[in-house]
Amino acid sequence: MSLHTTGSQTVGPFYRIGMEAGYQTTVAGPDVPGERVSIRGRVFDGDGVPVPDAVIETWQADAAGRYAHPEDGQPTVLAGGFVGWGRAPTDDEGRFCLETIKPGRVAGPGDALQAPHLVVLVFMRGLLRHLVTRMYFPGEASNAEDPILALVPAERRATLIAC
């Protein structure tokens, strides 16, 4: 008897079917205090071809550094219209857009304050597990002292800062 490698299975292009009802492209409504930002980008595959069926998901704090989650533990009330997460599909050219506010600083390892950032997840065909990264804001002085960004080699840190 000989053993043979079986074919691998990739996650197929069905996100629009399975996730469409959960799209949330407005993270912070117009009445939520904070600096308004549009998160726009494109998703490409390993060959540089736009991915028309990816989904981008983000998680973030509000402008005061509070999460829309009961385990946040802060006693203050979130502004109405702030959901704290977004989920956007890509179009035929791999483009996506989310409307939100710039998040405030939140505590990180050892209670050190983190720079304002979004947690970004990428779901797309060919990935058995989603990708997770962060997006930091350009010109933010606190980027230099962020304990998580400091873990990234200095020559790669700019790849996590939006332009």
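How does D91 count by relative accessibility: buried, partly exposed or exposed?

Author: Happy to! D91 counts as partly exposed because its relative accessibility is 26%, where buried means under 20% relative accessible area, exposed over 50%, and partly exposed in between (1.4 Å probe, protein chains only). A word on the source: this is a predicted model, in which local features need pLDDT of at least 70 and side-chain atom pairs count only at pLDDT 80 or more, while totals for chains, interfaces and linings use all residues. Residues are numbered from 1 along each chain as its sequence is written, and side-chain values use heavy atoms, with hydrogens and water left out.

Now to the partner. The side chain of D91 meets that of R95 in a salt bridge, at 2.8 Å from N to O; the term stands for a side-chain nitrogen of Lys or Arg within 4 Å of a carboxyl oxygen of Asp or Glu. R95 is partly exposed too, since its relative accessible area is 44%.

By this rule the model has seven salt bridges. One of them joins R66 to D62, again at 2.8 Å, N to O, and here both R66 and D62 are buried. Another salt bridge pairs E145 with R105 (2.8 Å, N to O). That pair links distant parts of the chain, 40 residues apart: E145 lies in the segment after β6 (131-136), and R105 in the loop between β4 (95-101) and β5 (117-123); strands here are DSSP runs (E, at least two residues), numbered from the N terminus. R105 counts as partly exposed because its relative accessible area is 29%.

Notes:
Helices (H or I, at least four residues) and strands (E, at least two) are DSSP runs, numbered from the N terminus.
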